[in-house]
Amino acid sequence: MTATMRRPQFLRVAENARLPVAFVLDGQPTTALEGDTILTAILLCSGHVRRNEFSGQPRAGFCMMGACQDCWVRLGDGRRVRACSTLLEAGQDVSREPGRRP
């Protein structure tokens, strides 16, 4: 676990029998479980989804349903997606800095 991935915001307490899914977060390989959203996958291994563009403070999402615009991430193919409403896919390359490509 790297310094950017310390102290997860979420702790999985159920549904541990699902298949693992490997992905890359900010250049670091990690895993989540099949059926997780990108937001869930990120917050299970990190304390934040992104940093505020003005203050630099960590943000962990807000509404969890795609309305507040607080969880934008960028995928390796260049798309910007809402992490709370996008399912994680095996091998995805995810950057928490939406302006920067992974």
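Predicted model: local features only at pLDDT ≥ 70, side-chain atom pairs only at ≥ 80, totals over all residues.
Residues are numbered from 1 along each chain as its sequence is written, local features need pLDDT of at least 70, side-chain atom pairs count only at pLDDT 80 or more, totals for chains, interfaces and linings use all residues, and side-chain values use heavy atoms, with hydrogens and water left out.

Helices (H or I, at least four residues) and strands (E, at least two) are DSSP runs, numbered from the N terminus. Strand β1 runs antiparallel to β2 (residues 28–33), and 6 bridges join them; two strands count as paired if DSSP finds at least two bridges between them. F23 has T30 of β2 as its bridge partner. The hairpin of β1 and β2 has 2 residues between the strands, and D26 takes a positive phi near 50° there. β1 also pairs with β7 (residues 93–95), in the parallel sense and over 2 bridges. Here the bridge partner of V24 is D93.

The side chains of β1 alternate. Buried means under 20% relative accessible area, exposed over 50%, and partly exposed in between (1.4 Å probe, protein chains only).

F23 also belongs to the largest nonpolar core, which has 19 residues. Such a core is a set of buried Ala, Val, Leu, Ile, Met, Phe, Trp, Tyr and Cys residues joined through side-chain atoms within 4.5 Å. The residues with the most contacts inside this core are F23, I38, L39, V73, L88 and V94. β1 (20–25), α1 (38–45) and β5 (72–75) each supply at least two of its residues, and α1 gives the most, with 6. L39 touches V49, A60, M64, C71, A83 and C84, leaving aside residues up to four places away in sequence; contact means heavy atoms within 4.5 Å.

D36 sits in the loop between β2 and α1. D36 is buried, at a relative accessible area of 4%. Its side chain reaches the backbone nitrogen of L33 at 3.0 Å. Beyond four places in sequence, D36 touches R12, R18, A41, L44, L87 and L88.

R80 lies over the face of W72, at 4.7 Å from the ring centre. A charge sits over a ring if NZ of Lys or CZ of Arg is within 6 Å of the ring centre and within 35 degrees of the ring normal.

Definitions and conventions
Polar contact = N/O pair within 3.5 Å; in protein donor to acceptor, adjacent residues only side chain to side chain.
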